[in-house]
Amino acid sequence: MRESFVNAPFAALSADRGGRWFLYLLLGTAVIVPLLNGLPGTESALHLSNYTMNLVGKYMTYAMLAIAVDLIWGYCGILSLGHGAFFALGGYAMGMYLMRQIGTRGVYGDPVLPDFMIFLNWKELPWFWHGFQSFGYAVLMILLVPGTLALVFGFLAFRSRVSGVYLSIITQALTYALMLAFFRNDMGFGGNNGFTDFKDILGFSLQAPGTRALLFVATALGLGSSYLLCRTVVSSRAGRVIEAIRDAESRARFLGYRVESYKLWVFVLSAIIAGVAGALYVPQVGIINPGEFSPANSIEIVIWVAIGGRGTLYGAVVGAFLVNFAKTYFTGALPSFWLYALGALFIGVTLFLPHGVVGAISRRAKRRAPGALHE
Amino acid sequence: MSEPGAAKSLMLSLEDVTVSFDGFRALNALTLYIEAGELRCIIGPNGAGKTTMMDVITGKTRPDQGSAWFGKSTDLLQLTEPEIAQAGIGRKFQKPTVFENQSVFANLELAMSGAKTVWKWLRARPTPQQLDRIDAVLATIGLSTLRGQRAGALSHGQKQWLEIGMLLIQEPQLLLVDEPVAGMTPQEIERTAELLVSLAGKHTLVVVEHDMEFVRSIAKTVTVLHEGSVLAQGDMNFIQADAKVKQVYLGE
């Protein structure tokens, strides 16, 4: 029997109970949240505020990012502490498109140059800004820029057999270097202010409720397809090689697998998913600046995955939602307390729930049904 | 150094191989010939260069000088580790390294020779012949009834056999086996000896081992390494009678 690429995702899902639950829940969210935001009047008890919808949308892009990290860390053992860089690059590519859409509505009213360039007294558009007036081109860049960076970086790192802690450190250095570069005004990306004051996307106003609802649905779609894509990859035959590399890299190499190319391939895929997540993030939060490249951001992603449970994919989603919900709550209620809470959470999970939240739940479920030990 | 008999074909020729680490000569002009179908045991005290020799053959370490040929036409020094594995040299590590999170069957499937590049592997499905081959290897290593078991749950001896099975399924011409019986029970050692002896002839085996009883039970020819080169070579009785060997290795 030969599975086609079309039904492979469904075959992968049939053995993935947690994943099916997650996708049903996601489908429900994608339908109900925009409906509750749009239909009931603002006084109705059922009404969901723009703020809440926006927040859930933002969490969903974080969840996508967490899935991307889980794919390489949980399944291939590559601990990237720089994945925020790919997210931010995707975000910047989307931001450039949105900036070009502002046109004459900017403060200085220049039809071509974004405000910050006028402010810097630039006379013409830098070459790398050309093309970004087209949405199709921007989408291409959203995929290409993070993908190419991952390809070049991964090629050099994996070919030199940089792995473990050393790889983690150079990924940190990568995102830190990008942060410093993007902070500079003469890089042409708006310096420390980044991009903001976006007006519309594909001709629809970003402030309009309909656009926001559609963005929300698009994000849910992005999250769902990233999940399916990663699930298909990890349950494919290549997925087994990837896990084999994680568990015994030199054995896989002696068996004749080109470990470097498997790692590179997963790393690039992961970077592209992170880039798309960033691109969906920017129009919803309305701003992108070099802070997104901050090394601390990238470390936080890893904490989401660890807390949710690595190597499950849906655990990454659970972790991203849990931690960010807690973050939103604490930074509002007890701002000075948040970083301590995050640290305590991370230590607590590492000590008491080594397989994360979903790992603890599924272990308990298995203990209750001893017959279900074998998958 | 006399030339080996030209009648039998050589499987492996190491000539004048030297490897230094920070001034320490792990291999010192080592010259060693292995004939096709042979079961050769390599012994030697710690630091004699046994593992370094394996590393040179599998491409993990590049020698400072010397040559390493596989068969007549394959220059091992020109190939990468995966290429050497594809060319037909399998290596069993000292510690059992199997893929613990996958089933015994999946371990063998992963090890099967064939397309190993990302795209080909992603699209390929095992053919009926390949499935038969996995069954045959499972029978050889005595793990037929445990095919669905997670490899991590196997006993130490079973893991070693599974790893040997993973090498066999690639149908290598040359098998390098590093301390196969370390930590095994006497029964397991006996089974391992039977397994290795049954493989010789069809495959060429190079076994590095410390357990003298075990070496005596399987080997026709034993090579003693000392300080990175060959100290003595011959059958076990000859080796044990050799004065130099007694001095450096058998501790007398």
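Predicted model: local features only at pLDDT ≥ 70, side-chain atom pairs only at ≥ 80, totals over all residues.
Helix α11 of chain A covers residues 259-285. At 1.5 Å a residue, its 27 residues should span 39 Å. The C-alpha atoms at its ends are 39 Å apart, which agrees with that expectation. Of the 27 residues of α11(A), 23 are buried, so the helix is largely enclosed by the rest of the structure. Just after α11(A) comes A:G286, with a positive phi of about 80°.

A:L202 is not a glycine, yet its phi is positive, at about 55°. A:L202 sits in the loop between β2 (200-201) and β3 (204-205) of chain A. A:L202 has 9 C-beta neighbours inside 10 Å; the limit for an exposed residue is 12 or fewer, so A:L202 counts as exposed. In chain B, B:A29 has a positive phi of about 50°, although this residue is not a glycine. B:A29 lies in strand β2 (residues 24-35) of chain B. With 15 C-beta neighbours inside 10 Å, B:A29 counts as partly exposed.

The two chains touch. In total, 22 residues of chain B are in contact with 20 residues of chain A. On the side of chain B that touches chain A, α2 (81-87), α3 (104-111) and α4 (118-123) of chain B each supply at least two residues. The most comes from α2(B), with four residues. By class, this side of chain B has eleven nonpolar, six polar and five charged residues.

Technical notes: Residues numbered from 1 in each chain as written. Chains lettered and ligands numbered in written order. Expected span 1.5 Å × (residues − 1). Buried ≥ 20, exposed ≤ 12 C-beta atoms within 10 Å, placed from the backbone. Contact = placed C-beta atoms within 7 Å. Nonpolar A, V, L, I, M, F, W, Y, C, P; charged D, E, K, R; others polar.
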